[in-house]
Amino acid sequence: MANHKGSEGVVKVGTATIAELKSYSIEESAETIETTALSDAAKTFTAGTTSWSGSCDCYWDETDTTGQGALTAGAEVTMNFYPEGASTDDKYYTGTAIVDSLTVEAGQDDMVAASFSFTGNGALSFSTVS
């Protein structure tokens, strides 16, 4: 059984690594369609369409023009999520997404942070780094 530390994770917009990444999440889900007939004693279902969404939290870096800078509200981008790193034979998730929102926040005794959320546009694929 393989385990990985969160610090191994990498997120890229296309081929550009997002700088100052603190955390990320992706969620894939499927609609369930009820197929229960009137005479059935228990409900039955079948899988419907799938969807995915996610978010990234970073320390804001205005010099990261191809990573953080590409994640503007409404932009359609290719997102690549590498839970175990981006070396040859590592596994990763990839898909096209639309950026839903960008939030930049700061506090007196804290670093300036940026949060991005997005919705998948099409399927989320599971691949291997070549």
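Tryptophan 52 and phenylalanine 118 are both buried, where buried denotes a relative accessible area under 20%, exposed over 50% and partly exposed in between, with a 1.4 Å probe and protein chains only. The structure is a predicted model, in which local features need pLDDT of at least 70 and side-chain atom pairs count only at pLDDT 80 or more, whereas totals for chains, interfaces and linings use all residues. Residues are numbered from 1 along each chain as its sequence is written, and side-chain values rest on heavy atoms, with hydrogens and water left out.

The protein contains 8 strands and 0 helices, and the order of elements from the N terminus is β-β-β-β-β-β-β-β. Helices (H or I, at least four residues) and strands (E, at least two) are DSSP runs, numbered from the N terminus. Along the principal axes, the C-alpha atoms occupy a box of roughly 65 × 35 × 30 Å.

Of the 130 residues, 27% are buried. Among contacts (heavy atoms within 4.5 Å) with a separation of 6 or more, 62% join residues 24 or more positions apart. The accessible surface, from the Shrake-Rupley method with a 1.4 Å probe and, for residues, only the protein chains shown as cover, amounts to about 8100 Å², and carbon and sulfur atoms contribute 49% of this area.

Rings of Phe, Tyr and Trp (its six-membered ring) pair if their centres lie within 6.5 Å; planes under 30 degrees apart count as stacked, over 60 as edge-to-face and the rest as tilted. By this rule, 6 aromatic pairs are counted. Tryptophan 52 and phenylalanine 81 form an edge-to-face pair, with 6.2 Å between centres and 85 degrees between planes. This pair links distant parts of the chain, 29 residues apart, with tryptophan 52 in strand β4 (residues 45-59) and phenylalanine 81 in strand β5 (residues 76-82). Both of these residues, tryptophan 52 and phenylalanine 81, are buried. Tryptophan 52 also forms an edge-to-face pair with phenylalanine 118, at 6.3 Å centre to centre and 65 degrees between the planes. Because phenylalanine 118 lies in strand β7 (residues 113-120) and tryptophan 52 in strand β4, this pair ties together parts that are 66 residues apart in sequence. Ring pairs join Trp52, Phe81 and Phe118 with Tyr24 in a cluster.
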